[in-house]
Every structure is written in C-alpha cells, then in structure tokens.
Amino acid sequence: IVKDDPNIEKFVIQTEGVSDLSPLFATISSTYSGVSNIIGKAIKLGLCYSATNMYPTENDDIVYASSLEDGTYNYEIELNPATLYYYRAIIYYDGRYFYGDAKKFTSPNLPIYHQAVDMGLSVKWSPCNLGAETTEMPGDYYAWGEVLPKGDKEKYSQENYVYYDSLGDTYINIGKDISGTTYDAASTSLGGAWRMPTYEEVKELYNNCEWKSAKYNGKRGYLVKGSNGQYLFIVTVSCTSTFSSKLGYSQFWTSTLSDNDSYDANDSAYYLNYSYFNVSNTFMAKETLKYLGLPIRPVCN
C-alpha cells in the first residue's frame, strides 16, 4: 500500500469464506475497516472473482456493497457448475484499487444429462425435459396423453387432439392417471422405469424442495434443491397455447386428470406452473386443457 494518504493507512481488507454454495450461486463475505466517515473521496467496497485469474482484479467480475460503513458484507454471485473460482475483497479509493487475500472454491456439479437424480423424494427425477439434450433446453411439447410431439409449426388445438371426438364434441376417456401406460410419452420414449410424474409426485417436488430463480447457460428457470442436497434445474418455457404464452413459468405435465369442479371432468389435466417473476403468486399445480402442448419431466422409481 502506498502510504501517501492517511486514510489508506487505516484500511483493513479481509477476504472471508463461502457459504450457501450451490451449482449456480455462492454467498461470499468480506470485512472492511477504516472506510467509515471518508469524505470528499470516491470510495467503493466490493468483491472481485474469476474462473481464470488466480488473483482477480478490477478487470474481472466485481460486485459492490450497497453501503460504505465498516463491517462484514455478504455478496451473492452467479456461478457455473463444477468450476474453480478465485476471489478476494477489493476497495476502490480515489482512483486506486486495494485487495484482500485471494481465496478459492469449486462449485458443485449440476446434473444436466439424462440420469436418475435422487432428490430425497419418493421418486427420482430426470435432469432434462423429455426430448431435450441438456437441462436448460425445453425439450419437446406434448398434448396430454399423446406420445409424439406435433412439432413447432403445427398448432396444438382441440381439432387435432388425438383424443377429441369432433362429431360428438367430447373427449375420449383414456384414464384418470396415465403414468406408465401406453398414453405416457416418457414411458413409451425412454422405456424402463421412466414415466410421467403424477400430481402427488409433482406436489412432493414443490413442497419438499427449495426453489430459487436462476439462470443456466443464459436460460431462465429454477434451481431446485432436494432435502439431501442434490439439485435440478427446471427451465422456464412458453406454453404452446396462443392465448397463454407464459415465458416466465416453469411448466410441465403431470399424468393426472383434473378433478376440479370448475373444469369438465374429462377435458383438463394438472401441470406444474411455477412463476419465475412472482414466486409469492406461484401455483404448484393448475389445470389446463389436455390438447395444449407442454413439456414432460420424467421420473422413475
């Protein structure tokens, strides 16, 4: 430190540890003293971090504190999974930068390819939607009970729904729960023990896991943490309905027919509907018309 300013001599910069570490987030603490009551000089407190530079500087990623008081500050930073990061506290003062000791950590891995992930629940979950190559992709869209996607260019409508009888203006009954049946796209596509999740299994995922809005590879969604510390990423998608485009929602079908009295007993099924923008107004499961296209997130026993 260049001791040409009495304020600089008072600076103590301490890089602290990492908490709340997950594949996509970390909370890092830094402590500063000697910065309170500085007047007439530009000053900022922060944390710099890098996945390539062992001694991060102002040229790397930086998050700044919202205050200029002595004390300990917590910074939440976004991460990539399974990556080694270097970090250290930083003070910007009167055109110069001063640093604490450099430290490091490695972010946990995030399952992104097809495998069975144990979230500490009654079933195991796939990291990917059906038809997706990786976890951040939406995968294919299916009408409820149909085992083939219609494709991006074909409208999901009542008229082309396989289980709609246009002559009788009725829906063909294929069962109250289609998980593991010939109407289950996950079961018919993947085979083995894979199948669509039931209403109760989606409810369990919703109620017994921690959900946090996140981004992975530039895609919005939710980082879901199981009671055993395992993670899933559930991407937000856009419903194929022309009147219900919900880009800010994580959605996928359950295998369970709706029993809500406000709906026709045979025209609607439950689906996960998790809001990216307003968690307080989130609905765990809602009902929607079976002919609409939604992704499927497979499970297995």
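Strand S6, which spans residues 84-93, is mostly covered, with eight of its 10 residues buried. The model described here is predicted. S6 pairs with strand S3 (residues 43-50) in the antiparallel sense, and eight bridges are found between the two. In this pairing Tyr86 of S6 stands opposite Ser50. Tyr86 also stands opposite Lys104 in S8. Strand S8 covers residues 103-106 and runs antiparallel to S6, to which it is joined by four bridges.

A further antiparallel pairing, over four bridges, links S6 to strand S7 (residues 96-99). Here Tyr92 has Tyr97 in S7 as its bridge partner. The two strands form a hairpin with two residues between them, and Asp94 in the turn has a positive phi of about 50°.

Strand S2 is likewise covered. Eight of its nine residues are buried, so S2 is largely enclosed by the rest of the structure. Strand S1 (residues 12-19) pairs with S2 in the antiparallel sense through six bridges, and Gln14 stands opposite Thr31 in S2. The hairpin of S1 and S2 has five residues between the strands, and Asp20 takes a positive phi near 50° in this hairpin. S2 is also joined to strand S5 (residues 71-78) by eight bridges, with the two strands running antiparallel. Ser30 stands opposite Tyr73 in S5.

The space in the largest pocket amounts to about 250 Å³.

The largest nonpolar core comprises 34 residues, and Trp144, Tyr161, Trp253 and Ile296 have the most contacts inside it. Two or more residues of this core come from each of helix H1 (185-190) and strands S12 (210-216), S14 (231-235), S15 (249-257) and S16 (268-275). S14 provides the largest share, three residues. Another core, of 24 residues, lies apart from the largest one and includes Ile13, Ala26, Ile43 and Tyr87.

Ala116 is placed in the loop between S8 and strand S9 (124-125). Its relative accessibility is 38%; because buried means under 20% and exposed over 50%, Ala116 counts as partly exposed. Leaving aside residues up to four places away in sequence, Ala116 touches Lys124, Trp125, Trp194 and Cys300. The C-alpha atoms of Ala116 and Pro127 are 7.5 Å apart in space, with the two residues 11 apart in sequence.

Taken as a whole, the protein chain contains two helices and 18 strands. Of its 301 residues, 50% count as buried. Among contacts in the protein chain with a separation of 6 or more, 59% are made by residues 24 or more positions apart. The protein chain exposes about 14400 Å², and 46% of this area is supplied by carbon and sulfur atoms.

Technical notes:
Residues numbered from 1 in each chain as written. Predicted model: local features only at pLDDT ≥ 70, side-chain atom pairs only at ≥ 80, totals over all residues. Heavy atoms only, no water. Core = buried A, V, L, I, M, F, W, Y, C linked by side-chain atoms within 4.5 Å. Buried < 20%, exposed > 50% of the residue type's maximum accessible area, 1.4 Å probe, protein only. Pairing = 2+ DSSP bridges. Contact = heavy atoms within 4.5 Å. Areas by Shrake-Rupley, 256 points an atom, 1.4 Å probe, with all protein chains shown as cover. 1 Å grid on protein atoms, 1.4 Å probe; cavity = no way out; pocket = protein on both sides within 12 Å on 5 of 7 lines; lining within 4 Å. Points joined across faces, edges and corners; volume = space filled by probe spheres on them.
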